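Please read this briefing alongside the sequence and the model, taking one topic at a time.

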Amino acid sequence: MGESGALGEKAVSTTLYLVRHGETEWHAENRYAGVSDVALTDTGREQAERLGRWAAGAGVDVVWASPLRRARATAAPAAAALGRALAIDGDLAEVDFGAAEGRTLAELAPAEAAAFRADPVRGAFPGAEDPRKAVERGTAVLRRIASRHSGERVLVVTHNTLLRLTLCGLLGIAPSTYRTVFPQVRNCAVTELRVTGGTAALMSYNVPTG
């Protein structure tokens with residue numbers, strides 16, 4: 001059997017640069033903006049411009065984003081810098097936080113907030129998307145993007161909670177620990193994930209672009 005045979009084949013890796021969108025109007029108050037379509041602040045737009053300059057120098061081949069306005073606005077400068085159309089996938093959208101949408105933890109019923117802090121999966125907010133379903137959705141879309149762009153470098157602009165839950169799913173970490181294992185995702189910081197076949201490796205986490 002030659003080099004093209006099964007024993008001679010070399011697995012091809014896809015590099016995913018995972019990014020949380022820029023700062024939004026609800027960021028300062030730490031309000032849950034899941035499916036709520038809030039806009040970027042001036043700071044968020046500046047962060048998006050820096051991300052665009054970073055993407056142009058990082059050899060990024062294509063840019064994907066959540067359909068929510070804050071993600072599309074963050075990804076647009078990078079797509080423009082690369083001269084590529086921005087690709088959108090609805091499965092990159094943020095988790096629906098149900099009763100917590102537009103509110104802070106302090107504004108929720110104490111029992112609801114306490115249950116969430118104790119276990120954000122079993123104690124998910126009333127009416128929220130099941131975090132386990134969000135893990136399935138997030139891992140599936142990233143594997144789909146990686147397969148479509150095999151061997152390429154892909155910038156993916158998504159959201160805070162979906163990103164952390166998806167990392168747990170891909171790396172074999174219990175989703176219930178996502179808030180402690182990944183306590184913060186900075187706006188427009190880059191997390192590099194290497195996807196090779198059915199495996200994923202975390203190469204870097206939460207690295208500022210400038």
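Which residue forms a salt bridge with D91, and how far apart are the closest N and O atoms? D91 forms that salt bridge with R144, and the closest N and O atoms are 3.2 Å apart; a salt bridge here is a side-chain nitrogen of Lys or Arg within 4 Å of a carboxyl oxygen of Asp or Glu. This is a predicted model, in which local features need pLDDT of at least 70 and side-chain atom pairs count only at pLDDT 80 or more, while totals for chains, interfaces and linings use all residues. Residues are numbered from 1 along each chain as its sequence is written, and side-chain values use heavy atoms, with hydrogens and water left out.

**Salt bridges**

- Side chains of opposite charge can pair when their charged atoms come close.
- The structure holds eight salt bridges.
- D91 lies in the loop between β3 and α3, whereas R144 belongs to helix α4, so this pair ties together parts that are 53 residues apart in sequence; helices (H or I, at least four residues) and strands (E, at least two) are DSSP runs, numbered from the N terminus.
- R144 also forms a salt bridge with D89, where the closest N and O atoms are 3.0 Å apart, and this pair links distant parts of the chain, since D89 is in the loop between β3 (87-88) and α3 (110-118) and R144 in helix α4, 55 residues apart.
- D89 counts as buried at 14% relative accessibility, whereas D91 at 29% and R144 at 38% count as partly exposed (buried means under 20% relative accessible area, exposed over 50%, and partly exposed in between, with a 1.4 Å probe and protein chains only).
- R132 and D130 meet through their side chains in a salt bridge of 3.1 Å, N to O; R132 is partly exposed at 48% relative accessibility, and D130 is partly exposed as well, with a relative accessible area of 28%.
- E29, R31 and E107 are linked in a network of salt bridges.

**Cavities**

- A search of the whole structure finds two cavities of 30 Å³ or more; on a 1 Å grid over the protein atoms alone, a cavity is a set of points where a 1.4 Å probe fits but cannot get out, and lining residues have an atom within 4 Å of a point.
- The largest cavity has a volume of about 70 Å³, a volume being the space filled by probe spheres set on the points, with grid points joined across faces, edges and corners.
- Its lining has 13 residues, of which F97, F116, P120, A124 and P131 lie nearest the centre of the largest cavity.
- The lining of the largest cavity divides into 10 nonpolar, one polar and two charged residues, where Ala, Val, Leu, Ile, Met, Phe, Trp, Tyr, Cys and Pro count as nonpolar, Asp, Glu, Lys and Arg as charged, and the others, Gly among them, as polar.
- The second largest cavity has a volume of about 50 Å³, and its lining residues include L18, L92, G138 and T166.
- The elements that give two or more residues to the lining of the second largest cavity are α4 (131-148), β4 (153-158) and α5 (160-171).

**A strand pair**

- Strand β5 (residues 190-196) pairs with strand β6 (residues 199-207) in the antiparallel sense over six bridges; two strands pair if DSSP finds at least two bridges between them.
- V195 stands opposite A200 in β6.
- β5 and β6 form a hairpin with two residues between them, and G197 in the turn has a positive phi of about 60 degrees.

Technical notes: 1 Å grid on protein atoms, 1.4 Å probe; cavity = no way out; pocket = protein on both sides within 12 Å on 5 of 7 lines; lining within 4 Å.
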